[in-house]
There are 2 protein chains.
Amino acid sequence: MATATGDSKRILFRQLFEKESSTYTYLLADLRHPDKPAVLIDPVDRTVERDLTLVKELGLKLIYAMNTHVHADHVTGTGIIKQKVPGAKSLISKASNAKADHFVEHGDKVYFGDLFLEVRATPGHTAGCLTYVTGDGPDQPNPRIAFTGDALLIRGCGRTDFQGGSAEQLYNSVHSQILTLPKDTLLYPAHDYKGFSVTTVGEELLYNPRLTKDMDTFKSIMANLNLAYPKMIDVAVPANMVCGLQDVPKV
Amino acid sequence: MATATGDSKRILFRQLFEKESSTYTYLLADLRHPDKPAVLIDPVDRTVERDLTLVKELGLKLIYAMNTHVHADHVTGTGIIKQKVPGAKSLISKASNAKADHFVEHGDKVYFGDLFLEVRATPGHTAGCLTYVTGDGPDQPNPRIAFTGDALLIRGCGRTDFQGGSAEQLYNSVHSQILTLPKDTLLYPAHDYKGFSVTTVGEELLYNPRLTKDMDTFKSIMANLNLAYPKMIDVAVPANMVCGLQDVPKV
């Protein structure tokens with residue numbers, strides 16, 4: 001239950017925060033591989049410089065700039081990263097219908113060195129949402145680490161009222177693909193608004209105020225959130241459908 | 001170099017963020033001890049409810065609410081915690097001259113269950129600044145984890161122009177007490193303003209823009225920061241000298 005990478009010192013793991021949109025970006029790398037290959041999950045356009053400086057300082061080779069989904073609250077950094085890091089590829093779900101170099105689907109594995117992320121389809125916040133879970137095996141991190149995007153947030157979940165969202169689908173996704181992982185699995189979301197950094201499957205099974213309810217109660221909660229229209233959505237979604245490229249400053 | 005607690009699943013570790021003052025609070029506990037005894041390092045008054053809810057949900061027994069120093073940028077949560085958690089004691093350095101239940105000095109150990117924090121005096125930001133370092137031993141976290149307060153920040157350090165601060169003292173403290181730890185030691189500061197969550201001794205030895213300089217250059221940098229007078233200092237310091245008690249809402 002530690003904020004930990006368990007038995008192995010093989011994985012480098014860094015959580016990075018973008019304050020304006022309360023977004024978490026994650027940097028992972030395989031430190032035992034000679035190239036130290038790395039991935040960035042959910043990078044934000046305005047923090048790309050920070051993230052790439054860190055990648056460089058740590059001596060990593062960034063191979064993927066990947067998203068859990070097409071974000072509505074910030075512009076992804078993947079387009080800028082591709083321009084600045086030769087060889088780095090963008091990656092997103094096929095179901096997102098967004099532009100990228102690589103598309104993945106449920107059951108695929110994304111390798112960085114000898115470590116990998118298992119791809120799980122967790123639609124409901126958007127139709128193309130993925131959860132990336134570190135591998136299950138002796139050389140993989142223990143406990144496992146899941147990057148849940150906006151499907152499961154700490155004591156919460158993403159909204160389901162736009163971008164092909166569906167409360168019923170989200171409920172099924174989280175229960176079948178995330179909360180079935182071992183109880184000590186570390187869950188890292190794409191956002192947190194209260195200053196939490198991590199949770200576990202065990203904690204959310206007990207204390208998630210929405211997803212511990214039955215389906216009908218959950219649907220009713222999600223239908224009555226009365227959330228404001230996201231201020232960034234009309235800029236962010238079109239940009240993110242093409243890796244944020246149209247907002248890329250000329251370099 | 002992982003954001004990790006190494007070989008042992010014994011320690012629970014949580015990093016918590018207070019957005020307005022960009023303060024990190026840390027929750028640690030010994031999960032193998034039947035009581036799951038826990039400590040909170042640098043709690044903030046306005047996030048005490050969040051922190052205590054988490055302590056309760058995780059089934060921990062909070063024994064210490066401790067500070068690295070008398071903060072100038074936020075009011076400590078220790079006074080409120082003492083009111084709300086029977087048995088929890090406040091703890092700070094003797095050199096701080098602040099009020100508390102327990103005072104510690106360089107070389108002391110703060111036990112929670114069978115885990116402990118080693119106390120290192122790291123004055124310079126304030127005269128009473130401490131760094132707390134997890135123990136060195138087979139049952140202690142590996143890599144070690146140091147909570148540096150405002151002595152060492154990620155790619156930075158605390159200011160030295162008030163509260164008995166001294167650039168020369170800070171330089172000596174960081175070099176003798178923090179950067180001499182093993183290179184993979186995880187360093188967790190009291191603040192970060194750029195969204196970083198952790199660094200290591202190895203990284204700061206290479207990339208800290210201030211502390212990699214010689215003493216004279218460092219003193220010159222610190223003398224020319226031209227920082228504004230901290231907006232909270234006239235409220236925070238007097239409050240924190242008495243555990244934040246005068247701001248405690250009546251409960």
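## A strand pair to start with

Let's begin in chain B, where strands S9(B) and S10(B) run antiparallel to each other and are joined over two bridges. One of the residues involved is Tyr132(B), whose bridge partner in S10(B) is Phe147(B). Keep in mind that this is a predicted model.

## The sheet around it

## A helix with buried residues

Now look at helix H3 of chain B, residues 167-178. This helix has twelve residues, and its first and last C-alpha atoms are 16 Å apart, close to the 16 Å expected at 1.5 Å a residue.

Which residues of H3(B) are buried? They are Ala167(B), Leu170(B), Tyr171(B), Ser173(B), Val174(B), Gln177(B) and Ile178(B). As for what they pack against, the list takes in strands S8 (115-121), S9 (130-134), S10 (145-149), S11 (152-153) and S12 (156-157), plus helix H5 (215-223), all in chain B.

For the complex, the predictor gives an ipTM of 0.93 and a pTM of 0.94. Chain A has an average pLDDT of 93, with 94% of its residues scoring at least 70. Residues 1-7 of chain A are another story: there the pLDDT is below 50, though the stretch has 29 contacts in the model beyond near neighbours in sequence.

Methods
Residues numbered from 1 in each chain as written. Chains lettered and ligands numbered in written order. Predicted model: local features only at pLDDT ≥ 70, side-chain atom pairs only at ≥ 80, totals over all residues. pLDDT = per-residue confidence, 0-100. Contact = placed C-beta atoms within 7 Å. Helix = DSSP H or I, 4+ residues; strand = E, 2+ residues; numbered from the N terminus. Expected span 1.5 Å × (residues − 1). Buried ≥ 20, exposed ≤ 12 C-beta atoms within 10 Å, placed from the backbone. Pairing = 2+ DSSP bridges.
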